[in-house]
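Visitor: I'd like to learn how to read the charged pairs in a protein model. Could you walk me through it?

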Amino acid sequence: MAKSCVQRRLLRDLPYAFRSLSTAPSPSISTAFSLTNRVESDVIKQHNNINETSIPTTTLNLEDGKELFSSVSSTKLLRSSLTLQMATFEPMVDIGTWVMNSNLMQVPIFKKMVFKIVENTFYEHFCAGQDVEAVGRTALKLRESGLKGMLDYGLEHVDDNESCDQNFKQFLQTIESTKSLPKSSVSFVVAKITAICPMSLLKRVSDQLRWEAKDSSTHLPWKQRTLPIFSDISPLYHTQKKPSPLTLEEERDLNLAHERLQKLCEACVEANVPLLVDAEDTIVQPAIDYLNYWAAIKYHKDDEPIVFGTIQAYLKDAKERMIQTKIAAEKIGVPMGFKLVRGAYMSSENKEAASLGFDSPIFDSLDQTHSCYNNCASFMLEKVADGLGAIVLATHNVDSAKLAAAKAIELGIEKGNNKLQFAQLYGMSEVLSFALRNAGFQVSKYLPFGNVELIMPYLLRRAEENRGLLSTSILDRQLMRKELVRRIKSLEFNKS
């Protein structure tokens, strides 16, 4: 009787509670730079006008909560729903951001208290653990649900070689840890170049590369084999005047970064797991792409990429850069892999451009970003169908996922093909992840891990992403509530 009363009370109060919480040899690289304007423009034009109505939609089950959340316990479902709801409560996000940037965090006891609260709420929901053992356990749990893990030790933005060496060791440890896990549980190891090469040096290298794009007579003695980095419309405003050449010390530091990345790639080859390089701000992205493409040329297995780069579709030059780089890679027999995202540095990009008196490199509207994402996805899906590349479609956008899934079926891409994978962030877009999984596609969850203080910048970005026009948790929250109510009703009826 007592249990029955409690169940009825939970059933009655649950909706109100939710509402109140409102290595391979390659041909000469020189051919990569002999692309004719005609070839590039024809390919770009072919993919320039793709829109949502030109691609047939496909059915993804996004409504049956019972089927979608069948592998999720009620306790986890409840905690996830409450956490996502809190993350959309704007005053809480604003206060949290203010606290994290305030002098209060200099008070040890206050800092400890804040981190403890974060650890038991947002950290637990959006992060996969404190160390490689914890993220390994999370990856195994995901495997039970038919999903894979992308292991990402949350390191970024350092400015000295000692920190770079420490971070390199952590990345290497992450790669080594995959050897003890089932291959079906890990899809990628993720790394940020800003964690293994000093930020100041990446800015200097980016300046050099931008100036070379402005003045083709520029000679960069340190530059190794790579692929095209800029398109005709790429922003070069960060570099207003000819930069001074890299010093001997800077060249030595750049060689160290090459060595760190090379060793990570070699470890990935040995562990049989690809390396995914994240994108970052445009002020350092040219240097990141330079190192990424150098590694992609040097390390690949036949037609399978070992090193994947990242394209941010909210950048106006994203599609042109992707197509140009892919065509150049094909000409020298290098299989290219990309992760396609919308982008996560909108605020910093807009501020940087405005401070220099230039238009933002980001599209003016969300619809333009959606269109660019879908065009890039379509282009790479056709390459996958032809056996000429690989793509990770990292998206929380249901429409983009539907379009891509339909395009893949239309092109005859087998759903188990590892060269096509979908991905979402851990703790976000659960409905979409499970729907794609149920439809037979390869799906991964991005698993950031590390101590709470290390992960705070990532958590703050997730809080920002969960509110306003870019909110991606509405569908999750609705179906989670619906499924929780269904389970409580089922429990009550079974007891009566």
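Guide: Side chains of opposite charge can pair when their charged atoms come close. Take Lys 192 and Asp 278: they form a salt bridge, and their closest N and O atoms are 3.1 Å apart. Lys 192 sits in the loop between β2 and α9 (199–214), while Asp 278 sits in the loop between β3 (275–277) and α11 (285–298), so this pair ties together parts that are 86 residues apart in sequence. Those helices (H or I, at least four residues) and strands (E, at least two) are DSSP runs, numbered from the N terminus.

Before we go on, this is a predicted model: local features need pLDDT of at least 70, side-chain atom pairs count only at pLDDT 80 or more, and totals for chains, interfaces and linings use all residues. Residues are numbered from 1 along each chain as its sequence is written, and side-chain values use heavy atoms, with hydrogens and water left out.

Visitor: Are Lys 192 and Asp 278 buried or exposed?

Guide: Buried means under 20% relative accessible area, exposed means over 50%, and partly exposed is in between (1.4 Å probe, protein chains only). Lys 192 is buried at 6%, and Asp 278 is buried too, at 5%.

Visitor: How many salt bridges does a search of the whole structure find?

Guide: That search turns up 19. One of them joins Lys 179 to Glu 270, with the closest N and O atoms 3.0 Å apart. Lys 179 is in the loop between α8 (161–177) and β2 (186–191) and Glu 270 is in helix α10 (residues 248–271), so the two tie together parts 91 residues apart in sequence. Lys 179 is partly exposed at 40%, whereas Glu 270 is exposed at 58%.

Visitor: Which residues are linked with Lys 179 in a network of salt bridges?

Guide: Glu 176 and Glu 270 are linked with Lys 179 in that network.

Visitor: What about Lys 419 and Asp 303: how far apart are their closest N and O atoms?

Guide: They are 2.9 Å apart, in another salt bridge. Here Lys 419 is buried at 14%, but Asp 303 is partly exposed at 37%.

Visitor: And how many disulfides does the structure hold?

Guide: A disulfide is a pair of cysteine sulfur atoms within 2.5 Å, and the count here is 0. For Cys 268, the nearest cysteine sulfur belongs to Cys 265, 6.4 Å away. Cys 268 is buried, with 1% relative accessible area.

Key:
Salt bridge = Lys/Arg side-chain N within 4 Å of Asp/Glu carboxyl O.
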